[in-house]
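Dear colleague,

Please find below the sequence and structure that I am handing over to you. My findings follow directly after.

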Amino acid sequence: MEASKRKRLTIGLYLNYFVHGIGLIILAQNMQELGKLWGQPLAVVSYVISGVGIGRLAAYLLLGSLADRYGRKSFIYIGIGSYFIFFIGMLLVKDVMSAYLLAILAGIANSALDSGTYPVFLEMGTNNGASNILIKAFMSAGEFILPLGVSFLEVNKLWFGWSFILAAIILVLNAIILFPVKFPEKNLNQEIQQQLFAHLPAWRRKGLAVVLSLYGYSSMALMILYTQWISLYAEKQLHFSNLQAHLLLSLYSIGSITGVVIVFLLLRKHISETILLISLNALSLISLLVVNFTNNSLLISIASLVFGMSAAGGIMQTGLNLFLKVFSKHKGLITGVFFTFGSLASFSIPLITGWLSKNSIRSVLEFDLLIALVGLVLSVGARMFLGSETNLEQARKKITLIDYLVIKLLEYRFKEVKVVGKIKFFNQQAFLDEKREEAVLNRISVQSSNENLTPYLQDVYRHIMKNSRTYEAEDFEKDDLTN
């Protein structure tokens, strides 16, 4: 793609996720006003919010498969259109059932955007999927700005619906921005990516699919559990003040944004995804150990910052990037599978932790420690199933070594060429031996194990033999003049 078109497409895709960040929390941020609009208590409004998760869970696999078949752009527009209906519709409906259906539609919008966007960034040819990591940053920006906007409307006694209207306006403008942009061909560079992982036997690929699918669950579960319970844990179990307890979540958020930047830069430097997965999951486990087994407020604050950086800094998207590269032919489906497991975590973790909290809040955080350990084991498992992974720098180092060996072999070859040249010269034979060269080319076609490479190898040898003749002739012309 041209640089200007790529930039326009990138901005449009990121703007969608800025609005998506708003959509994730806009119902929770306006629960009281929505309750008045529908004439329902807060508990019912909370029930409506659960519809978003239902929509995601129901749509991911279907939309992911269809995105592989029909292209990415149409599904990104489905996401934009669905979110637009959600934002405007929530201000118009008067009953809970209609609101619940709109919440389900918001979950479908999320699924459609993910099914189209994550594959597109890889198909644009961007650096190692690093651009996918910044999706998390734009979501966080939307989640950060919306509460400020809601507070502004409340303080100035303005209609709460303006936050919904603003999000809808951004979507309309973004749809206009993206409309003339031609998306990259779906599954672009698919053959190249498949060759990178061609060494994997079927059982390893299946094992890797299972491990990375489960990682979609564990990485989401790790974040959800911590954000829902850390403040209450600090206040009730560690006896922190209310301010200190909520500060831990703020530090987590700061760490998350910092982690996104760090992971983005590391991926642009072609750091292996598996190295990042193992390193950051290990760091998450260590930081949770500190939270679980110390009462020191400073240490726990640092640990919360580090946990946000490692567990919520785009490491989930890094796992998806690896998944997409290994199974590059079905990027939409793989995105759907990965986030379906993430949606299962969104649904199941509140139920599990609610049951555990009946025993003690400490047991909830200890369960998060167990999830972190599982995430680390899954990361190591992915590395084992992947086997010998090669990135750009490693591949170039191998080529450099091969080039060195080829040069040395060619030096030996030209040394023997000189001997052959002397024999031809004294026997008054022509330097060009067409039968001999034809035999060399035929032998290459027999000895080559890759039929696709055979014509390239033959072309290389034509040049080598041509240069050999030139070297022979020039050498003996000089010798003849000297003598």
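Apart from its neighbours within four places in sequence, F164 is in contact (heavy atoms within 4.5 Å) with I26, L27, N30, L34, F87, M90 and L91. This is a predicted model, in which local features need pLDDT of at least 70 and side-chain atom pairs count only at pLDDT 80 or more, while totals for chains, interfaces and linings use all residues. Residues are numbered from 1 along each chain as its sequence is written, and side-chain values use heavy atoms, with hydrogens and water left out.

F164 also belongs to the largest nonpolar core, where it is listed with W38, F86, F87 and M90 as having the most contacts inside the core. A nonpolar core is here a set of buried Ala, Val, Leu, Ile, Met, Phe, Trp, Tyr and Cys residues joined through side-chain atoms within 4.5 Å. Buried means under 20% relative accessible area, exposed over 50%, and partly exposed in between (1.4 Å probe, protein chains only). The largest core has 115 residues, and its largest share, 16 residues, comes from helix α9 (residues 202-236). Helices (H or I, at least four residues) and strands (E, at least two) are DSSP runs, numbered from the N terminus. A second, separate core has five residues, among them A59, L63, A67 and A112.

I turn next to helix packing. Axes are lines fitted to C-alpha atoms, for helices over the stretch in contact, and angles run from 0 to 180 degrees between N-to-C directions. Angles under 35 degrees count as roughly parallel, over 145 as roughly antiparallel, 65 to 115 as roughly perpendicular and the rest as oblique. A crossing is left-handed if the near helix is turned anticlockwise from the far one by less than a right angle, and right-handed if clockwise.

Helix α9 packs against helix α14 (residues 331-357) at an angle of about 40°, with their axes 7 Å apart. The two helices, α9 and α14, are therefore oblique to each other, and their crossing is right-handed. By class, this contact has 17 nonpolar, nine polar and no charged residues. For these classes, Ala, Val, Leu, Ile, Met, Phe, Trp, Tyr, Cys and Pro count as nonpolar, Asp, Glu, Lys and Arg as charged, and the others, Gly among them, as polar.

With helix α6 (residues 130-155), the angle is about 165° and the axes are 8 Å apart, so α6 and α10 are roughly antiparallel. Their crossing is left-handed. Residues of α6 at this contact include I133, L134 and A137, and those of α10 include I257, V260 and F264. The contact comprises nine nonpolar, three polar and two charged residues.

The axes of α10 and helix α11 (residues 273-293) come within 10 Å and cross at roughly 150°, which means that α10 is roughly antiparallel to α11. This crossing of α10 and α11 is right-handed. V263, L266 and L267 in α10 meet E273, L276 and L280 in α11.

Finally, two loop residues deserve mention. K157, in the loop between α6 and α7 (162-178), has a positive phi of about 55° although it is not a glycine. K157 counts as exposed because its relative accessibility is 75%. H239, in the loop between α9 and α10, has a positive phi of about 60° and is likewise not a glycine. H239 is exposed, with a relative accessible area of 66%.

Yours sincerely
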